[in-house]
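Subject: Structure for you to look through

Dear colleague,

I am handing over the structure we spoke of, and I would be glad if you could read these notes with it open in your viewer.

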Amino acid sequence: MRDADPRNSIPFGIASFRIAGYALWPFGRTTVERRDAGAGLVIGNIIWIVFPGWWLALGHIVTGIALCVTIIGIPFGIANFKMIPISLLPLGREIVPTDEPFATR
């Protein structure tokens with residue numbers, strides 16, 4: 001049996017690092033859709049939703065609601081709600097500063 005080609009998992013690894021960087025510092029940044037992304041991202045996003053995507057999105061929803069219970073946690077709860085779209089469909093998205101969300105279009 002042949003080993004799996006590691007090049008097939010590169011987009012998922014890049015998406016994971018993109019999510020990690022955005023989760024580390026989501027303030028002052030937003031996500032926009034990339035227009036130059038290929039058709040393979042549809043298949044990749046479906047695979048992502050089936051395996052880690054819906055668990056990540058559900059985790060951000062639960063954590064965001066729990067953080068919004070306290071006044072101090074409201075900004076972090078809002079940051080968790082901002083993480084839902086990129087954790088659900090990360091392929092074909094780009095993270096940009098909030099003062100230029102239309103710069104990449």
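This is a predicted model: local features need pLDDT of at least 70, side-chain atom pairs count only at pLDDT 80 or more; totals for chains, interfaces and linings use all residues.

Residues are numbered from 1 along each chain as its sequence is written, and side-chain values use heavy atoms, with hydrogens and water left out.

The buried residues of α1 are A15, I19 and Y22 (buried means under 20% relative accessible area, exposed over 50%, partly exposed in between, with a 1.4 Å probe and protein chains only). They cover an arc of only 65° around the axis, which puts them on the same side of α1 (the arc is that of the directions from the helix axis to the C-beta atoms). The face turned away from that buried side carries the exposed residues F17 and L24.

Helices α1 and α2 pack at an angle of about 65°, with their axes 12 Å apart (axes are lines fitted to C-alpha atoms, for helices over the stretch in contact, and angles run from 0 to 180 degrees between N-to-C directions). The contact is made by F12, A15, S16 and I19 of α1 with G44, I47 and W48 of α2 (contact means heavy atoms within 4.5 Å).

Turning to α3, residues 74-88, its 15 residues should span 21 Å at 1.5 Å a residue, and the end C-alpha atoms are 22 Å apart, which agrees. In α3, G77, A79, N80, M83, I84, I86 and S87 are buried, and what covers them includes α1, β1, α2 and β2.

What does H60 touch, not counting residues up to four places away in sequence? H60, which is in helix α2, is buried with a relative accessible area of 14%, and H60 touches N80, F81, M83, I84 and S87. N80, for its part, lies in helix α3 and counts as buried at 12% relative accessibility; with the like exclusion of residues up to four places away, N80 touches H60, T63, G64 and L67.

Methods
Helices (H or I, at least four residues) and strands (E, at least two) are DSSP runs, numbered from the N terminus. The expected span of a helix is 1.5 Å times one less than its number of residues.
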